[in-house]
Amino acid sequence: MGQCGITSSKTVLVFLNLIFWAAAGILCYVGAYVFITYDDYDHFFEDVYTLIPAVVIIAVGTLLFIIGLIGCCATIRESRCGLTTFVIILLLVFITEVVVVVLGYIYRAKVEAEVDHSIKKVYDTYNGTNPDAASRAIDYVQRQLHCCGIHNYTDWESTTWFKETKNHSVPLSCCKATISNCTGSLTRPTDLYSEGCKVLVVKKLQEIMMYVIWAALAFAAIQLLGMLCACIVLCRRSRDPLLITGGTYA
């Protein structure tokens with residue numbers, strides 16, 4: 001019965017190590033996705049520390065690949081030293097992922113305040129005739145999120161760009177994708193996106209942070225199971241007088 005328990009734990013552990021390799025790729029993808037998306041919205045969110053969870057999760061993903069390799073070798077060889085190292089590293093990574101979840105929730109709560117602080121300044125620096133980075137960011141966000149202005153399209157009336165152009169129109173990025181002859185004129189408001197960008201930018205950034213949180217939680221649960229199985233093998237084998245360090249029998 002004891003040998004059966006060890007065999008089952010070893011089988012699960014080997015399977016989990018294969019999952020760790022897959023998880024390594026997924027975590028690195030999630031972290032890279034956060035970086036790429038942040039680059040599109042960085043003008044609306046000035047706190048670069050928001051990227052800390054993404055940096056950590058990429059590091060964890062890289063470490064998981066190494067953990068999977070150590071775990072497979074240690075499990076197959078039944079190496080007490082290898083399994084102990086495997087459990088210790090898993091425990092450290094588990095703690096790190098808990099930290100990522102906490103940081104994710106902290107920065108997710110800060111998103112709205114950060115966007116409030118930055119978005120008006122970004123819109124005030126818009127220059128449609130010679131687009132700079134901030135202008136491109138606004139046009140990108142308005143097209144991607146189907147929004148116009150901060151709260152609605154009338155917010156453009158208070159911008160420097162609107163006053164200088166004096167054509168009573170908003171940027172073409174405010175035009176609905178289904179309207180082919182839209183000029184951005186405020187005399188045809190039905191051609192424009194009616195929803196403001198602030199709420200949608202906040203929602204998008206919070207969604208990105210939730211991807212990090214859920215990824216960290218999911219793989220933390222898998223690692224917890226991996227530690228449990230490794231501990232079972234270690235505890236059962238520690239009672240076996242034939243087992244020596246290195247996983248061979250006398």
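Are Cys148 and Cys174 buried or exposed? Cys148 is buried, and Cys174 is buried too; buried means under 20% relative accessible area, exposed over 50%, and partly exposed in between (1.4 Å probe, protein chains only).

This is a predicted model, in which local features need pLDDT of at least 70, side-chain atom pairs count only at pLDDT 80 or more, and totals for chains, interfaces and linings use all residues. Residues are numbered from 1 along each chain as its sequence is written, and side-chain values use heavy atoms, with hydrogens and water left out.

**View 1. The disulfide between Cys148 and Cys174.** The S to S distance of this pair is 2.1 Å; a disulfide is a pair of cysteine sulfur atoms within 2.5 Å. The torsion about the S-S bond of Cys148 and Cys174 is about 85°, so this disulfide is right-handed. Cys148 lies in the loop between helix 4 and helix 5, and Cys174 in the loop between helix 5 and helix 6, so the pair ties together parts that are 26 residues apart in sequence. Helices (H or I, at least four residues) and strands (E, at least two) are DSSP runs, numbered from the N terminus.

**View 2. The disulfide between Cys147 and Cys197.** Here the sulfur atoms are 2.0 Å apart. Cys147 sits in the loop between helix 4 (133-145) and helix 5 (160-165), while Cys197 is in helix 6 (residues 197-238), so the bond ties together parts that are 50 residues apart in sequence. With a torsion of about 95° about the S-S bond, the disulfide of Cys147 and Cys197 is right-handed. Both of these cysteines, Cys147 and Cys197, are buried.

**View 3. The disulfide between Cys175 and Cys182.** The S to S distance is 2.1 Å. The torsion about the S-S bond of Cys175 and Cys182 is about -70°, so the disulfide is left-handed. Cys175 has a relative accessible area of 11% and is buried. Cys182, at 12% relative accessibility, also counts as buried.

**View 4. The pairing of the cysteines.** The structure holds three disulfides. With the bonded cysteines of the chain numbered in sequence order, the pairing is 1-6, 2-3, 4-5. Cys28 is partly exposed, with a relative accessible area of 26%.

**View 5. Confidence along the chain.** The average pLDDT of the chain is 78, and 83% of the residues score at least 70; pLDDT is the predictor's confidence in each residue, from 0 to 100. Over residues 1-5 the pLDDT is below 50, and beyond near neighbours in sequence this stretch has four contacts in the model. Contact means heavy atoms within 4.5 Å. Residues 241-250 also have a pLDDT below 50, with 17 contacts in the model beyond near neighbours in sequence.
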